[in-house]
Amino acid sequence: MIHSKLPNLGVTIFTKMSQLALETGAINLSQGFPDYDGPQALREAVVRHVMAGHNQYAPMAGLPALREQIAHKVTALYGRTVDAQNEITVTPGATQALFCAIQAIVREGDEVIVFDPCYDAYEPSVELAGGRCVHVPLTLPGFRIDWERLQAALSVRTRAIVLNTPHNPSGAIISHEELDQLASLIRDRDIYLISDEVYEHLVFDGRSHVSVLSHEELYARAFVVSSFGKTYHVTGWKTGYAIAPPALSTELRKVHQYVSFCSVTPLQWALADFMAAHPEHVTELPAFYQSKRDLFCDLMSSSRFDFTRTAGTYFQLADYSAIRDDLSDVEMVEWLTREHGVAAIPISVFYQQLPQGLRLVRFCFAKREETLRRAAEKLCAI
Ligand SMILES: Cc1ncc(COP(=O)(O)O)c(C=O)c1O
């Protein structure tokens, strides 16, 4: 008998729903990935670098040229000068950056505060490190931090807080004022911040992403994580990075060098080239995704789903209580997939305890216009 270290974990809902979509032929608006490719010049650059012989191990912390490009971007967008040599680590996906940050700081018996609804990658990593997640629900509607509950959740064992902005699944975006409030709450405590900012460029309606990188005091104790997969429409490349002050980066790298040692070499070369040649890609991304959000929401306006347009990410939450109030959200997505040909994600999987009466499912609109039109047609017919 194997005595599992993670006895409560099975396959994720994202795998399950994508599988069900495949089996039933449903349109897959569940898992968060585009049904279009990344920029052609980026893909061609990979081929070029593979053929040029860039196929051996990259430097452990990431290709210098790529780290330089990340540093340029951070200065341009968030006004921070980061040392590419000592503060940036390129990892195989944001997931691995998060894992390494958590393993680097969480010890047996530590508590890590996460906000529900919460992306599913944090908790298993905390548990593997011997820690425990303390779940603090965001307030509804709007998915904001509940400062009283956060304060009440802090203890002498609190080792870290995980922030996710823009937030999956709600799309909520943190403000400067909220970062200030967070800073004052943890000022006199020995608490780290892990800031998952993989949707940093997917912020709409003229608003800007407020990065922990732009907050002097919080950055001093933070790991800020992002994902090239999300930004360049290449989720399958699993390439991301962590930015942290030198002492924290050193600890993160101690884990990273024995989890994978380095990230895929030709992909790093290609990303460095592309970032240098096309800095406009990231500044054009909000408009690109906002038009997808607006198309999907306009099409869905005649449906019986109720929703407020998402402020960020490529996810749209929708309330289905006018359609099937009798179904739990897990039953609802199964029913939607099997009976109506559209797969979605139930919000309950992001909660330790789903708030009473919440009837929300998450649709991913990182899809071609034709896919969004076909899906909306099916959803409007319900
Ligand atoms: C909030 C959040 N963090 C991290 C990730 C993982 O990013 P990557 O694919 O680069 O590992 C995702 C992917 O869906 C995500 O939604």
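Helix 5 (residues 93–105) gives the largest share of the shell around the ligand, with 3 residues. The model is predicted. The chain is assigned two parts: domain 1 (13–31 + 282–380) and domain 2 (40–278).

**Ligand shell**

- The ligand is surrounded by 15 residues.
- The closest of them are Gly93, Ala94, Thr95, Asn168 and Ser227.
- By class, the shell holds 9 polar, 4 nonpolar and 2 charged residues.

**Domains and their contact**

- Domain 1 is assigned in two stretches, 13–31 and 282–380. Domain 2 covers 40–278.
- Between the C-alpha centres of domain 1 and domain 2 the distance is 26 Å.
- The contact involves 21 residues of domain 1 and 24 residues of domain 2.
- On the domain 1 side, helix 13 (280–300) and strand 9 (315–319) each provide at least two of the touching residues.
- Helix 13 contributes the most to that side, with 6 residues.
- The side of domain 1 that touches domain 2 consists of 14 nonpolar, 5 polar and 2 charged residues.

**Helix 3 against helix 12**

- Two packed helices are described by the angle between their axes and by the distance between those axes.
- For helix 3 (residues 64–78) and helix 12 (residues 265–277), the angle is about 40° and the axes are 8 Å apart.
- The crossing of helix 3 past helix 12 is left-handed.
- Helix 3 makes the contact through Ala65, Leu66, Gln69 and Lys73. Helix 12 brings Gln268, Leu271, Ala272, Met275 and Ala276.
- Sorted by class, this contact has 6 nonpolar, 2 polar and 1 charged residues.

**Cis peptide bonds**

- Threonine 165 is joined to proline 166 by a cis peptide bond, with omega near -15°.
- Proline 166 sits in the loop between strand 5 (158–164) and helix 8 (176–186).
- The bond from asparagine 168 to proline 169 is also cis. Its omega is about 15°.
- Proline 169 is likewise in the loop between strand 5 and helix 8.

- Histidine 233 is not a glycine, yet its phi is positive, near 60°.
- Histidine 233 lies in the loop between helix 10 (228–231) and strand 8 (240–243).
- Histidine 233 counts as buried because it has 21 C-beta neighbours inside 10 Å.
- Phenylalanine 261 also has a positive phi, about 70°, without being a glycine.
- Phenylalanine 261 is in the loop between helix 11 and helix 12.
- Phenylalanine 261 has 12 other C-beta atoms within 10 Å, so it is exposed.

**Histidine 256**

- Histidine 256 belongs to helix 11 (residues 246–259).
- Histidine 256 is buried because 28 C-beta neighbours lie inside 10 Å.
- Beyond residues up to four places away in sequence, histidine 256 touches Thr89, Thr91 and Cys100.
- Histidine 256 and alanine 104 are 152 residues apart along the chain. Their C-alpha atoms are separated by 9.2 Å.

**Isoleucine 191**

- Isoleucine 191 is placed in the loop between helix 8 and strand 6 (192–196).
- Isoleucine 191 counts as partly exposed because it has 19 C-beta neighbours inside 10 Å, and 20 or more are required for a buried residue.
- Apart from neighbours within four places in sequence, the contacts of isoleucine 191 are Thr158, Arg159, Ala160, Ile161 and Ile186.

**Asparagine 8**

- Asparagine 8 is in the segment before helix 1 (13–24).
- Asparagine 8 is exposed, because 8 other C-beta atoms lie within 10 Å.
- Asparagine 8 and leucine 63 are 55 residues apart in sequence. C-alpha to C-alpha, they are 38 Å apart in space.

Technical notes. Residues are numbered from 1 along each chain as its sequence is written. This is a predicted model: local features need pLDDT of at least 70, side-chain atom pairs count only at pLDDT 80 or more; totals for chains, interfaces and linings use all residues. Helices (H or I, at least four residues) and strands (E, at least two) are DSSP runs, numbered from the N terminus. Two residues are in contact if their C-beta atoms, placed from the backbone, lie within 7 Å. A residue is near a molecule or strand if its C-beta atom, placed from the backbone, lies within 6 Å of it. Ala, Val, Leu, Ile, Met, Phe, Trp, Tyr, Cys and Pro count as nonpolar, Asp, Glu, Lys and Arg as charged, and the others, Gly among them, as polar. Domain bounds come from an automatic or database domain assignment. Axes are lines fitted to C-alpha atoms, for helices over the stretch in contact, and angles run from 0 to 180 degrees between N-to-C directions. A crossing is left-handed if the near helix is turned anticlockwise from the far one by less than a right angle, and right-handed if clockwise.
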